[in-house]
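Subject: A structure for you to look at

Hi there,

Here is the structure I promised to pass on to you. Have a look around before you read my notes below.

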Amino acid sequence: MITLTAPAHGDEFSAPTPDELFNLPPIIAGVDWFTKPVLLAILSAILVIGVCWGAFSKPKLVPRGLQNVVEYGYMFVRDQVARPFLGKDSDRFMGLLVTMFFLVLVWNLMGVVPFIQFPVASHIAFPAVLAISVYVLKIYLGVKYQGAGGYFKNMMFPPGLPKPIYLLLSPIEFLSNMIIAPFTHMVRLFANMFAGHMLLAFFSMVGFWFLFEKLTPLGAGVGVLGVVMTIIFTGFEIFIQFLQAFLFAMLASMYIGGSLHAEH
Amino acid sequence: MSAQERRPEEDGRDFADAMWSIPSSLLAGMAIYGGLGWLLDRWLDMSAFFPIGTVLGLVLAGYLAYRKFSR
């Protein structure tokens, strides 16, 4: 596995490039699809399944231990993610939302776990699969609960506008709901994880280069600064990773809620 | 009682709806009318319609957000 000490070229410090950081070789030579993010995605899935299994396979009325912790997470998702948007329909979608929240959270946290240090969602394919699934579900539920015509009518023709203006505004609503919304849904998660990983890699590279590779009296200060920044940004990253997992699940819940009931 | 209980939820939902859908409709407005302007520019061999369309789209999307969420 490639660590953050990607080779710098020659005698000068060079920042790690996206190609070095994200274009990883296959783990087993010859199996091209099996790269580090794929391995981590599988491990994350196993971890989430295992933790939920351990917590809820023999549920107790008075939770203790693992069940207590996971139940706290479940209640967080229910109260902060599901209920504000789904109301009384929350319980039907809790399975999906809890799974999505925990999976994305574990994916993201892989970015700061020592020696693993790769946020899975920094390859856009992973958030894209989740976002497209939510998108398909959103359209399916919209057509099911509002009818094919009704769904698009409610989406493109918000009530209370003068008639001629619909001609101008309906295309905006359509593009915004059908193309931009799912696109930003996946790009928001991807870009945050991508940029966060780049930042962490850059600062740890600065620390490594100026303190270990080329230790000089003048460079040492820069190296120490790099290490300090790495620590600060790791803390910041953990916050962002949690926030992005929350937002991803929240937006999924918002889109589902919008399909179940027409707006206003 | 139940109406009182549901009230903060509804507020929260409306607020979050607005926060998340306004940026994407602003983008969509700029993309659609900017795109139309760009096409007009190419057709007529001019360069004025792309910026006009972009601003028009922004204004229209702003108007849409104002009508949808101001109450």
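Predicted model: local features only at pLDDT ≥ 70, side-chain atom pairs only at ≥ 80, totals over all residues.

For the complex, the predictor reports a pTM of 0.86 and an ipTM of 0.78.

Let's begin with chain A. What pattern does chain A follow along the sequence? The answer is α-α-α-α-α-α-α-α, with eight helices and zero strands. If you draw a box around the C-alpha atoms of chain A along the principal axes, it comes to roughly 70 × 55 × 40 Å. Chain A has 264 residues, and 34% of them are buried. Take the contacts in chain A between residues at least 6 apart in sequence: 64% of these join residues at least 24 apart.

Now for chain B. Its mean pLDDT is 82, and 80% of the residues in chain B reach 70 or more. Residues 1-6 of chain B have a pLDDT below 50, and this stretch has zero contacts in the model beyond near neighbours in sequence.

Finally, how do the chains meet? In the model, 19 residues of chain A are in contact with 19 residues of chain B. On the chain B side, the elements giving two or more residues are α1 (2-44) and α2 (49-69). The most comes from α1(B), which gives 14 residues. Sorted by class, this side of chain B has nine nonpolar residues, along with five polar and five charged ones.

Enjoy exploring, and write back with any questions!

Best wishes

Definitions and conventions:
Residues numbered from 1 in each chain as written. Chains lettered and ligands numbered in written order. Helix = DSSP H or I, 4+ residues; strand = E, 2+ residues; numbered from the N terminus. Buried ≥ 20, exposed ≤ 12 C-beta atoms within 10 Å, placed from the backbone. Contact = placed C-beta atoms within 7 Å. pLDDT = per-residue confidence, 0-100. Nonpolar A, V, L, I, M, F, W, Y, C, P; charged D, E, K, R; others polar.
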